[in-house]
Amino acid sequence: MPPKIVGDARPNSFEFETEALIKASGFREYDARWWFGRPGSAQLPELNLIGVQALGMGLGTLIRRLGAGPDIVTGHDFRAYSLSIKLALVSGLMAAGARVRDIGLALSPMAYFAQFALDTPSVAMVTASHNENGWTGVKMGAARPLTFGPEEMSALKAIVLGGDFDLVGGGSYDFVHDFRATYLDDLTRDKRITRKLKVVAACGNGTAGAFAPQALQRIGCEVIPLDVELDHTFPRYNPNPEDMRMLHAIRDKVLETGADVGLGFDGDGDRCGVVDNEGNEIFADKVGVMLARDISSQHPGSTFVVDVKSTGLFNTDSVLRANGAVTDYWKTGHSYIKRRVAELGAVAGFEKSGHFFFNPPIGRGYDDGLVTAIAICQMLDRSPGSSMADLYRALPLTFGTPTMSPHCADDVKYGVVERVVADFQAMKRDGRVFAGQKIADLITVNGVRVVAEDGTWGLVRASSNKPELVVVVESPVSSQRRRQMFDAVDAVLRRSPEVGAYNQTF
């Protein structure tokens, strides 16, 4: 008999130790993310180990029903509780007949690589990514190099919450020894650079600390380590290259050491943030434009995919136009962009969050922060007369913001965004002035991106992995127009009392 599935159970109780706690809201658009709990926190857990076991039963059931077969790769990130969560997941997978290949402590892209290297169709990577300690989750896929989208996540949710498991038994477990070496060998093969680059490798004490410095040294970089010691308490800040605290720390180290570039990696190593040699913190969408310029100069007529949070330069940049580059704006989310890159046969996809996706000959189509870091070093190697700051200055000037996230509960955030979209649609329909100008365009592929007549724009969408909204603003005109757009967008948000404080602003 499978465990009883419940959406609420208090720790230190009989129910918590005998029933599968697994809150429905943890099944998100393209992965799973729950608050598991941490010492001293008053927030009640949304998941227990029995719930993780049930998740494994559901995933093992689903991959067979999808026709992917029973074979699956597992790995876990560096959190105090990630190994125990993975082993609970594995027990559930095996109950559903899965043949598990466990690669141990890993980056998410290392698990994706294992699908190819071990010829294993499916993957389940236990990671909370950049979320604060206390969070956990699983990134899953059954068709390499893709990860689950809304359809698969909805199917998994229905199987798990409904207890609709196929517990066929016959599962097996195989631990793959020293797969880290296999991954690093593949990552750096034939990638040596000739330019002497001094590179700050910042890992926020997360999992990437066991991988990034070695990878960069192998291609010929002089590496200056920053917070590379594994420490699951994350003593300085969360490993998140969108967090200004991490970017400021990288900036300070670059300026202190005279480094050519600073590269920062998130908690599971699938994202990369960049600081140039003058200490400028370059938002990832601008890094994407720089890489797109470099790639399209080698491969004219390239197609790129970017998310709706990204700069408008992908459409307007004169160098990209001269190189015949075509850009498609698509939904935010690593799974969405990954799928779109595959569908269009794009050479690369870029997200403002720092998830970058490279198809052959650069990568295998999945997001890997180390592949991104190597691509940046190769770009600099091909530009021996230019510094990272020179390449940044060569871009047309725009005034952007970091990704800003006001709190909004999971059970109401999508409704708030629907109201915001409706408000903007009514303004455009009625020809009203917004942020000092009429609305020239509304892009509603993912939330809403409201574009003014001068190209200044603001985005509002629901976060796919936390109880938050996402707000981004950019102006090609001035910092004053950026502020005017932000204030106007924020005023619309404040009509909804469910919207709380921002995690950061500008």
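The following questions and answers concern a predicted model.

Q: How many charged residues take part in the contact of α2 with α3?
A: On the α2 side the contact includes Leu49, Val52 and Gln53, and these α2 residues belong to a set that meets α3 residues including Ser84, Ile85 and Ala88. By class, this contact of α2 with α3 has ten nonpolar residues and six polar ones, and the number of charged residues is none.

Q: How are α6 and α13 oriented to each other: roughly parallel or oblique?
A: Helix α6 (residues 179-188) packs with helix α13 (residues 369-381) at an angle of about 30°, and their axes are 11 Å apart. Angles under 35 degrees count as roughly parallel. The orientation of α6 and α13 is therefore roughly parallel.

Q: Which residues of α13 meet α6?
A: The crossing of α6 with α13 is right-handed. The residues of the contact divide into five nonpolar, one polar and no charged. From α6, Tyr183, Leu187 and Thr188 take part, and their partners in α13 are Leu370, Val371 and Ile374.

Q: What is the volume of the largest cavity?
A: Rolling a probe the size of a water molecule over the atoms shows where empty space is left. A search of the whole structure finds one cavity of 30 Å³ or more. The lining of the largest cavity has 13 residues, with Pro241, Glu242, Phe283, Ala284 and Lys352 nearest its centre, and it divides into seven nonpolar, four polar and two charged. The volume of the largest cavity is about 100 Å³.

Q: How many charged residues are in the lining of the largest pocket?
A: The largest pocket has a volume of about 600 Å³. Its lining has 32 residues, of which His130, Asn240, Glu242, Lys466 and Glu468 lie nearest the centre of the pocket. By class, the lining of the largest pocket holds two nonpolar residues and 17 polar ones, and the charged residues number 13.

Q: What is omega for the cis peptide bond that joins Arg144 and Pro145?
A: Most residues other than glycine have a negative phi, and most peptide bonds are trans. Pro145 is placed in the loop between β7 (135-141) and α5 (150-161). The bond from Arg144 to Pro145 is cis, with an omega of about 5°.

Q: Where does Pro361 lie?
A: A cis peptide bond joins Pro360 and Pro361, with omega about 15°. As for its place in the chain, Pro361 is in the loop between β17 (356-358) and α13.

Q: What is the phi of Asp178?
A: Asp178 is located in the loop between β8 (172-175) and α6. Although Asp178 is not a glycine, its phi is positive, at about 55°.

Definitions and conventions:
Residues are numbered from 1 along each chain as its sequence is written. This is a predicted model: local features need pLDDT of at least 70, side-chain atom pairs count only at pLDDT 80 or more; totals for chains, interfaces and linings use all residues. Side-chain values use heavy atoms; hydrogens and water are left out. Contact means heavy atoms within 4.5 Å. Helices (H or I, at least four residues) and strands (E, at least two) are DSSP runs, numbered from the N terminus. Ala, Val, Leu, Ile, Met, Phe, Trp, Tyr, Cys and Pro count as nonpolar, Asp, Glu, Lys and Arg as charged, and the others, Gly among them, as polar. On a 1 Å grid over the protein atoms alone, a cavity is a set of points where a 1.4 Å probe fits but cannot get out, and a pocket is an open set with protein on both sides within 12 Å along at least five of seven lines; lining residues have an atom within 4 Å of a point. Grid points are joined across faces, edges and corners, and a volume is the space filled by probe spheres set on the points. Axes are lines fitted to C-alpha atoms, for helices over the stretch in contact, and angles run from 0 to 180 degrees between N-to-C directions. Angles under 35 degrees count as roughly parallel, over 145 as roughly antiparallel, 65 to 115 as roughly perpendicular and the rest as oblique. A crossing is left-handed if the near helix is turned anticlockwise from the far one by less than a right angle, and right-handed if clockwise.
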